[in-house]
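Here is a short briefing for a reader who is new to this structure. Start with the sequence and the model below.

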Amino acid sequence: MAPPYRVLLHNDNFNKREYVVQVLMKVIPGMTLDNAVNIMQEAHHNGLAVVIICTQADAEEHCTQLRGNGLLSSIEPASGGGC
C-alpha cells in the first residue's frame with residue numbers, strides 16, 4: 001500500500017477567508033463547510049493546516065488544484081502509524 005501524504009494549506013495575506021473555504025469545498029472531495037472553515041481558521045491562526053491525508057498521487061492533484069485557485073499549498077509524507 002502506498003504511504004499516505006498530507007496536503008497542507010499555508011496561510012496567506014491575499015485571499016479572503018470566504019474564498020479559501022469555497023476553494024477547499026470545490027477542490028477536496030467530501031469537504032464539508034464546517035471542515036473547510038476549521039481548516040481555514042487553523043491555517044490563519046497557526047500558519048499551516050492539514051487539509052486531507054491521502055495517496056501521493058491524490059495529494060499532488062489536490063495541491064495542484066489548490067495552487068491553481070491561488071492558495072498556498074504543499075504536500076509532505078504523513079509520518080507515523082495509525083489509520
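Asn-46 is found in helix H2. Helices (H or I, at least four residues) and strands (E, at least two) are DSSP runs, numbered from the N terminus. This is a predicted model: local features need pLDDT of at least 70, side-chain atom pairs count only at pLDDT 80 or more, and totals for chains, interfaces and linings use all residues. Residues are numbered from 1 along each chain as its sequence is written, and side-chain values use heavy atoms, with hydrogens and water left out.

**Around the end of the H2 numbering**

- Asn-46 counts as exposed because its relative accessibility is 59%. The cut-offs are these: buried is under 20% relative accessible area, exposed is over 50%, and partly exposed is in between (1.4 Å probe, protein chains only).
- Asn-46 and Asn-11 are 35 residues apart in sequence. Their C-alpha atoms are 8.0 Å apart in space.
- Gly-47 sits in the loop between H2 and strand E2 (48-54).
- Gly-47 has 31% relative accessibility, so Gly-47 counts as partly exposed.
- Gly-47 touches Leu-9, His-10, Asn-11 and Glu-42, not counting residues up to four places away in sequence. Contact here means heavy atoms within 4.5 Å.
- Gly-47 and His-62 are 15 residues apart in sequence, and 19 Å apart from C-alpha to C-alpha.

**Helix H1 against helix H2**

- Helix H1 covers residues 17-27 and helix H2 covers residues 33-46. Their axes come within 9 Å and cross at roughly 130°. That angle makes H1 oblique to H2.
- Axes are lines fitted to C-alpha atoms, for helices over the stretch in contact, and angles run from 0 to 180 degrees between N-to-C directions.
- Angles under 35 degrees count as roughly parallel, over 145 as roughly antiparallel, 65 to 115 as roughly perpendicular, and the rest as oblique.
- H1 and H2 make a right-handed crossing. A crossing is right-handed if the near helix is turned clockwise from the far one by less than a right angle, and left-handed if anticlockwise.
- From H1, the contact uses Arg-17, Val-20, Val-21, Leu-24 and Met-25. From H2, it uses Leu-33, Ala-36, Val-37, Ile-39, Met-40 and His-44.
- By class, the residues of this H1 and H2 contact are nine nonpolar, one polar and one charged. Ala, Val, Leu, Ile, Met, Phe, Trp, Tyr, Cys and Pro count as nonpolar, Asp, Glu, Lys and Arg as charged, and the others, Gly among them, as polar.

**Arg-17 in that contact**

- Arg-17 lies in helix H1. Its relative accessibility is 42%, so Arg-17 counts as partly exposed.
- Arg-17 is in contact with Met-40 and His-44, leaving aside its neighbours within four places in sequence.
- Arg-17 and Gln-41 are 24 residues apart along the chain, with their C-alpha atoms separated by 8.2 Å.

**Helix H1 against helix H3**

- H1 and H3 pack at an angle of about 145°, and their axes are 10 Å apart. The crossing of H1 with H3 is right-handed.
- Val-23, Leu-24 and Val-27 of H1 meet His-62, Gln-65 and Leu-66 of H3.
- This contact of H1 with H3 has four nonpolar, two polar and no charged residues.

**His-62 in helix H3**

- His-62 is part of helix H3, which spans residues 56-68.
- Is His-62 buried or exposed? His-62 counts as buried, because its relative accessibility is 9%.
- Apart from residues up to four places away in sequence, His-62 touches Val-7, Val-27, Ile-28, Pro-29, Ile-52 and Cys-54.

- Ser-73 is found in strand E3. Ser-73 is buried, because its relative accessible area is 5%.
- Ser-73 is in contact with Val-7, Leu-8, His-10, Cys-63, Leu-66 and Arg-67, leaving aside neighbours within four places in sequence.
- Ser-73 and Cys-63 are 10 residues apart in sequence and 5.6 Å apart in space, C-alpha to C-alpha.
- Glu-76 forms a salt bridge with Arg-6, and the closest N and O atoms are 2.8 Å apart. The pair links distant parts of the chain, 70 residues apart: Glu-76 is in strand E3 (residues 72-77) and Arg-6 is in strand E1 (residues 5-10).
- A salt bridge is a side-chain nitrogen of Lys or Arg within 4 Å of a carboxyl oxygen of Asp or Glu. The count by this rule is one salt bridge.
- Glu-76 is partly exposed, because its relative accessible area is 30%.
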